[in-house]
Amino acid sequence: MRLGSDDLPAFVRFPGRPARKVAAVRESWRIDDEWWRDPISRRYFEVVLNEGGQFVIYRDLLTGEWFAQR
């Protein structure tokens, strides 16, 4: 994952594939939950790739890792 100057995803790379440019971020939202036991804090992005395809990716705000939602 590479972020643009606006702090939004600019390129995504899935395992074993080359990086793909993000054409648009359609929506973003944040979830903070389960704070009373194992906290969850994530920022989600619904992105459209330049070559086509739409994905939901998120960053775990506690670890800094990126994931694609299935």
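E51 is exposed, with 64% of relative accessible area; exposed denotes over 50%, buried under 20%, and partly exposed the range in between (1.4 Å probe, protein chains only). This residue forms a salt bridge with R20, and the closest N and O atoms are 3.2 Å apart. A salt bridge is taken as a side-chain nitrogen of Lys or Arg within 4 Å of a carboxyl oxygen of Asp or Glu. R20 lies in strand β3 and E51 in the loop between β4 and β5, so the contact ties together parts 31 residues apart in sequence. R20 is buried, at 16% relative accessible area.

The model is predicted; local features were required to have pLDDT of at least 70 and side-chain atom pairs pLDDT 80 or more, whereas totals for chains, interfaces and linings use all residues. Residues are numbered from 1 along each chain as its sequence is written, and side-chain values use heavy atoms, with hydrogens and water left out.

Six strands form an open sheet in the order β1-β2-β3-β4-β5-β6, with antiparallel pairing. β1 (2-3) and β6 stand at the edges, each with a single partner strand, so one side of each has no neighbour in the sheet. Strands (E, at least two residues) and helices (H or I, at least four) are DSSP runs, numbered from the N terminus. Two strands pair if DSSP finds at least two bridges between them.

Strand β2 (residues 9-12) is joined to strand β3 (residues 20-33) by two bridges, and the two run antiparallel. Here F11 stands opposite K21 of β3. F11 also carries a charge over its ring face: R2 lies there, at 4.3 Å from the ring centre. For such a contact, NZ of Lys or CZ of Arg must be within 6 Å of the ring centre and within 35 degrees of the ring normal.

Ten bridges connect β3 with strand β4 (residues 40-49), again in the antiparallel sense. D33 has I40 of β4 as its bridge partner. The hairpin of β3 and β4 has six residues between the strands, and E34 there takes a positive phi near 60°. E34 also meets R37 through a side-chain salt bridge (2.5 Å, N to O). E34 is buried, at 18% relative accessible area, whereas R37 counts as exposed at 55%.

E46 and R26 form it, the closest N and O atoms being 3.8 Å apart. E46 lies in strand β4 and R26 in strand β3, 20 residues apart, and the pair links distant parts of the chain. E46 is buried at 15% relative accessible area; R26 is exposed at 54%. In total, the structure holds four salt bridges.

R42 is also part of strand β4. This residue is partly exposed, with a relative accessible area of 25%. The C-alpha atoms of R42 and T63 are separated by 9.7 Å, and the two residues are 21 apart along the chain.

The structure holds six aromatic pairs. Rings of Phe, Tyr and Trp (its six-membered ring) pair if their centres lie within 6.5 Å; planes under 30 degrees apart count as stacked, over 60 as edge-to-face and the rest as tilted. Y44 and Y58 form a tilted pair, 4.9 Å centre to centre with 35° between the planes. Y44 sits in strand β4 and Y58 in strand β5 (residues 54-60), 14 residues apart, so this pair links distant parts of the chain. Both tyrosines are buried, Y44 at 7% relative accessible area and Y58 at 12%. W29, Y44, Y58 and F67 form one aromatic cluster.

Strands β5 and β6 pair over three bridges in the antiparallel sense. R59 stands opposite W66 in β6. Strand β6 (residues 66-68) also gives the most to the lining of the largest pocket, with three residues.
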